[in-house]
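Please take a first look at the sequence and the model below. The paragraphs that follow go through them part by part.

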2 protein chains.
Amino acid sequence: MAVDGSLDGAGVALADWSTVRDLLHARGLRWTPQRRALLDVLASTDGHVTGAELVERCRAIDPATIPSTVYRTLDVLEEIGFVSHSHAADGREQFHVLPVVEHGHLECRRCHDSWEIPVDEAAELVTALERSRGFTVDLSHLSILGLCAACRET
Amino acid sequence: MAVDGSLDGAGVALADWSTVRDLLHARGLRWTPQRRALLDVLASTDGHVTGAELVERCRAIDPATIPSTVYRTLDVLEEIGFVSHSHAADGREQFHVLPVVEHGHLECRRCHDSWEIPVDEAAELVTALERSRGFTVDLSHLSILGLCAACRET
DNA sequence: AGTCATATTGCAACGGGTTGCAATTGAACT
DNA sequence: AGTTCAATTGCAACCCGTTGCAATATGACT
């Protein structure tokens with residue numbers, strides 16, 4: 001659900017932002033220098049980034065970067081399926097770039113380390129909620145807090 | 001008020017805040033008017049409340065209420081197990097009063113309605129993560145975003 | 001009742017993120 | 001190349017929550 005057909009093979013697409021540009025145009029949205037800066041930053045990102053980090057990295061490209069512009073662009077990019085976000089245990093936003101294998105997040109309350117939950121590991125929960133309630137889980141937004149094995153032992 | 005009549009399960013301990021007071025004292029912590037005000041508010045709360053709502057309700061009792069005091073008290077109450085918190089889809093904190101049956105949360109991305117996930121419905125996921133990674137899930141902090149049956153149809 | 005250590009409060013500044021609105025600008029059309 | 005209109009930006013104010021620190025007040029002990 002996160003990644004629709006038009007984004008197939010998008011490892012390429014991301015590096016080459018003209019794909020994003022076309023997607024935006026197709027929706028009557030615009031291609032601006034600010035958006036390009038953010039996409040450059042995203043293209044050189046892997047794993048998870050907080051919103052604040054993205055703002056800072058954009059500022060490295062253009063010191064005049066305005067936070068609200070970055071966050072609004074992130075919203076747009078999420079709508080067209082280019083990034084997804086979840087919330088870390090402290091409530092801060094975490095973004096990451098698609099396409100990537102869809103996954104949820106696991107975070108330790110004590111050591112703050114985090115891990116990814118692959119689709120198959122969450123499958124039971126997802127299908128159970130689907131079946132019992134007709135609820136479709138957004139796995140990439142899922143963030144589970146708890147205690148990791150290492151911290152539990154100490 | 002905090003201490004009136006009908007005590008059913010969850011009500012008992014909370015309605016009588018002397019229990020909380022004792023728990024605090026047992027840890028060398030103190031009983032203050034500000035904490036009492038918050039406990040009065042919590043005692044008359046059921047279901048979920050945001051931090052901001054709690055601040056506002058405390059202000060109704062004492063207009064001089066300071067947000068940081070409320071949030072710090074909430075931290076303490078969470079440590080002693082009297083409240084738990086999770087994050088709504090927008091990242092805002094949601095508190096709720098214990099004891100209550102432990103549960104996770106389900107929230108619809110579209111209509112923002114939300115539901116509780118009882119322990120047994122999450123059991124498979126919890127035990128799977130426990131077994132495969134030794135990770136202990138904090139169910140009450142869990143908040144799952146997705147699309148509810150009603151919204152999916154439209 | 002008075003003393004004292006320290007938990008707690010008030011305050012002010014900050015951090016992350018959002019919103020409303022006027023000014024700017026992308027891009028479609030001519 | 002110029003016109004036009006809506007999408008986007010910049011800005012400033014705001015919201016929720018956190019943090020550091022000096023001042024205050026709890027409650028244990030005398």
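Which elements each supply at least two residues of the surface near DNA strand D? They are H3 and H5 of chain A together with helix H4 (51-61) and H5 of chain B. Helices (H or I, at least four residues) and strands (E, at least two) are DSSP runs, numbered from the N terminus. A residue is near a molecule or strand if its C-beta atom, placed from the backbone, lies within 6 Å of it.

This is a predicted model, in which local features need pLDDT of at least 70 and side-chain atom pairs count only at pLDDT 80 or more, while totals for chains, interfaces and linings use all residues. Residues are numbered from 1 along each chain as its sequence is written, and chains are lettered from A and ligands numbered from 1 in the order in which they are written.

DNA strand D is surrounded by 25 residues, and the closest are A:Leu29, B:Trp31, B:Gly51, B:Ser68 and B:Glu93. H5(A) provides the largest share of this surface, 4 residues. By class, the surface near DNA strand D has 8 nonpolar, 11 polar and 6 charged residues. Here Ala, Val, Leu, Ile, Met, Phe, Trp, Tyr, Cys and Pro count as nonpolar, Asp, Glu, Lys and Arg as charged, and the others, Gly among them, as polar.

Around DNA strand C there are 26 residues, and the closest are A:Gly51, A:Ser68, A:Glu93, B:Leu29 and B:Gln34. Two or more residues of the surface near DNA strand C come from each of H4 and helix H5 (67-79) of chain A, and from each of helix H3 (33-43) and helix H5 (67-79) of chain B. H5(B) gives the most, with 4 residues. The surface near DNA strand C divides into 9 nonpolar, 11 polar and 6 charged residues.

Next come two helices of chain A. Helix H3 (residues 33-43) and helix H4 (residues 51-61) of chain A pack at an angle of about 115 degrees, with their axes 9 Å apart. Axes are lines fitted to C-alpha atoms, for helices over the stretch in contact, and angles run from 0 to 180 degrees between N-to-C directions. H3(A) is therefore roughly perpendicular to H4(A), a term for angles of 65 to 115 degrees, while those over 145 count as roughly antiparallel. On the H3(A) side the contact is made by A:Ala37, A:Leu38, A:Asp40 and A:Val41, and on the H4(A) side by A:Leu54, A:Arg57, A:Cys58 and A:Ile61. Two residues are in contact if their C-beta atoms, placed from the backbone, lie within 7 Å. This contact has 6 nonpolar, no polar and 2 charged residues.

How do the two chains meet? The contact takes 26 residues from chain A and 26 residues from chain B. H6(A) supplies the largest share of the side of chain A that touches chain B, 7 residues. Because 100% of the interface residues of chain A are also interface residues in chain B, the copies meet through the same surface.

The axes of H6(A) and helix H6 (residues 119-133) of chain B come within 9 Å and cross at roughly 180 degrees. H6(A) is therefore roughly antiparallel to H6(B). The contact of H6(A) with H6(B) has 6 nonpolar, 2 polar and 4 charged residues.

Notes:
Angles under 35 degrees count as roughly parallel, over 145 as roughly antiparallel, 65 to 115 as roughly perpendicular and the rest as oblique.
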